Amino acid sequence: MTTTVGVESSTTPPPGLAPPQRRLPLANTIFCVVVVSFCIIPFLLVIAISFGEKIEGAAWRWSFDHSNYLRFFVGADWPDTRTTLYIRRLWFSFYYAIIASVLAVATAFPFAYVMSRQSRRSQTLWLVFLLSAVSLSEVFVVMGWDILLSNRSGLPMVFKETGLTDWLKTSGWFEVLREWGLANPRNVRFKPTDFATIVTMSYLVWPYAVILLYPALARIDNSMLEAARTMGAPPLTVLRTVVLPSVRLPVIGTTLILFVFLLGSYVAITVFAHPSRQTLAVSVYDSVRGATMNAPFGAAQAIVLLITAVLVLLIVWMIGRRTEALQ
Amino acid sequence: MPHLKSDSSTLSTATPEKNRRTFLKTAGAVAAASAFGSFPVIAQNRTLKVGSYGGYFEDSFKKHVYPAFTEATGIAVESVTQPNSTDWLVTMQQAASAGSVPADLSLYARDTMIKASRIGGLLSSIDVAKIPSTENLDPYFLFEGGEGVLGVGAMSWFTSMVINPDEIDAPASWADFWDQEQFESSLGLSRNFNSNLLDIVAATFFDGAKTFDTEDGIVALVEKAAELKPNVTLWWSGESQMEQGMKNGDVIGGMYYHDVASLMAADGFPIKSVFPKEGNPQGYGSWCLSSLSEKSAEAMEFIAFSSEPSTQALMSRMIGTAPLLEQSKTDLTDDEFASVSGTPAIQPAYEAYLDKETFIKETWDNMLAAG
């Protein structure tokens, strides 16, 4: 919207400013075309598809059918039966994304802080290393963790070879692990578990967390920290009263970006999450690309996920403003 | 999506036009082919784009089957990678509405092929009367849609019971998988509602495919499948997950493709494909000609080649698929036949999976999602 206004106002420039303004309408037009064709049209198409009608045994047709949204909340067989299947999947989308993004920021923060206090050279080396880690795709990362957690090549093998599994069996803890779903009759197991899912998702966004936190942390003036210390503040107090308040906004912003990024996580969920605890992203893909070819229901689920995510971001933003106003 | 009758007028008129154009071209090509049939054809520029499932499967086709076809007919094959059957139908459907398709012949499983025929406008009919070698195949493998034969069987495969022979003895029945003493958190089964676990349950505990006729029957099948949940550690969605699971020892049994299991066993991995007394579900792939393809004549020759007993035997030897004709018609030895096929075969309830797809999928997903 703002860009359209920009185009209109720049088409009637004051005569003296004509030459530099002449290039702006072109840039604005290109920007508009890009936004409209790559963001707005696809988005409108998704909305339109979400009202499509499923034809049993075939694909679907254009229509104006609310049943896809109804199905999200009560299931396809309603009113005979009612299911909260899709609401639970929505919940799991948020559950994994929130925990994994908070965990990533919490562990990346100390690292980024220590890194920002290093010499220029070592900072550069770390940043290059992290940027190359970012280039690893989700598939690759998941494959790596899959091997690390596998029975014959990973952590369970370490348990077995070190005698830990036998010790667990004699001490009775093994039965407890079996009850928790962390062991089969032969050995411990870590897939599929929430633990594996969340660790992998955190790992996936961890480099982003460091890269996003680093500029804010690097800007903190060393002399402020030294002043606090000379006045007798122990390191933790310095962290709590000087460092954290000055990077409060970047920390919240980073968490939110990672959270939104992780809402769409697919590979980690399909590999590590139990089917009873899978997310809406998996369900959307199943609907659109799976055997039922039910793109309308997939689109409806995607829209509900989007609306819920926007609502959550709005609430966080409002809480942020309220606390700022209070201060 | 945009091939359906209620579409906007531009789209619905566009498709028949294309069909007519394709038909004319096809008719011309067939006429030309039959007119010059007795003369050597200038072969250099005859090509055909053929789709098959990527990975080992497609590689074997490129290495063993396509060169033999080119040698026999002079038609060069351009191999096209299909991720699988259903994904490919989505791709082909979108490509068809855009007006150009990535493959002339695609390989579809029976349910996907029925779905494509119900969507309509995606497949050309194949005149099997002109392809004598198709008479070798069991008529079940020539799929009749509304407009004639829409798919000719290519090869068949089994979704087998597999076990790790180092850990357990081969069970005599699928029912053994329900034994929690032996299999707690140890099995790998497919997560998709239509990947034959329900057919196995129907054959093992109920009246086979008939059980799918009523919604109560379907609920009973799903409830019986739910009893397996404590024994399943891996609900796989991608074939490679199960492959890794068996190799890593994360699972000691489950369901997996008979052909791939045999190949893995030949490579020394601890896996054995078993035919329990109820049998294993049999699936098969069909060659289907895209309605936008202009290579109908070449496609006919390819289908003719594929239906030959010698080609069926070649695929069994090199790819590990089961032939679509009796063993006696091929030169496969008993051992060779046993390594690609087995009895009895469970025929999946294809029609029910389509007619009641939303109900079965949601009942199934609810079962997986519970507790």
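Predicted model: local features only at pLDDT ≥ 70, side-chain atom pairs only at ≥ 80, totals over all residues.
Reader: Why are α2(B) and α10(B) called roughly perpendicular or otherwise?

Author: The axes of helix α2 (residues 56-73) and helix α10 (residues 296-307), both of chain B, come within 11 Å and cross at roughly 115°. Axes are lines fitted to C-alpha atoms, for helices over the stretch in contact, and angles run from 0 to 180 degrees between N-to-C directions. Angles under 35 degrees count as roughly parallel, over 145 as roughly antiparallel, 65 to 115 as roughly perpendicular and the rest as oblique, and α2(B) and α10(B) are therefore roughly perpendicular to each other.

Reader: Which residues make the contact between α2(B) and α10(B)?

Author: On α2(B) they are B:Val65, B:Tyr66, B:Ala68, B:Phe69, B:Ala72 and B:Thr73, and on α10(B) they are B:Glu298, B:Glu301, B:Phe302 and B:Phe305, where contact means heavy atoms within 4.5 Å. These residues divide into 7 nonpolar, 1 polar and 2 charged.

Reader: What makes B:Asn231 buried or exposed?

Author: Buried means under 20% relative accessible area, exposed over 50%, and partly exposed in between, with a 1.4 Å probe and protein chains only. B:Asn231 has a relative accessible area of 1%, and therefore counts as buried. This residue lies in the loop between α7 (215-226) and β8 (232-236) of chain B, and beyond its neighbours within four places in sequence the residues in contact with B:Asn231 include B:Phe177, B:Trp178 and B:Leu187.

Reader: How do you know that the side chains of B:Gln282 and B:Ser156 make a polar contact?

Author: A polar contact is a pair of N or O atoms within 3.5 Å; within protein, one must be able to donate a hydrogen and the other to accept it, and residues adjacent in sequence count only if both atoms are side-chain atoms. The side chains of B:Gln282 and B:Ser156 make such a contact at 2.8 Å. B:Gln282, found in strand β11 (residues 280-290) of chain B, is buried at 12% relative accessibility.

Reader: Where does A:Arg189 lie, and what does its side chain reach?

Author: A:Arg189 lies in the loop between α9 (173-179) and α10 (194-219) of chain A, and with a relative accessible area of 13% this residue is buried. A polar atom of its side chain lies 3.0 Å from the backbone oxygen of A:Gly181, and the backbone oxygen of A:Lys191 lies 3.4 Å from a polar atom of that side chain. Among the residues in contact with A:Arg189 are B:Ser185 and B:Thr233 of chain B.

Notes
Residues numbered from 1 in each chain as written. Chains lettered and ligands numbered in written order. Heavy atoms only, no water. Helix = DSSP H or I, 4+ residues; strand = E, 2+ residues; numbered from the N terminus. Nonpolar A, V, L, I, M, F, W, Y, C, P; charged D, E, K, R; others polar.
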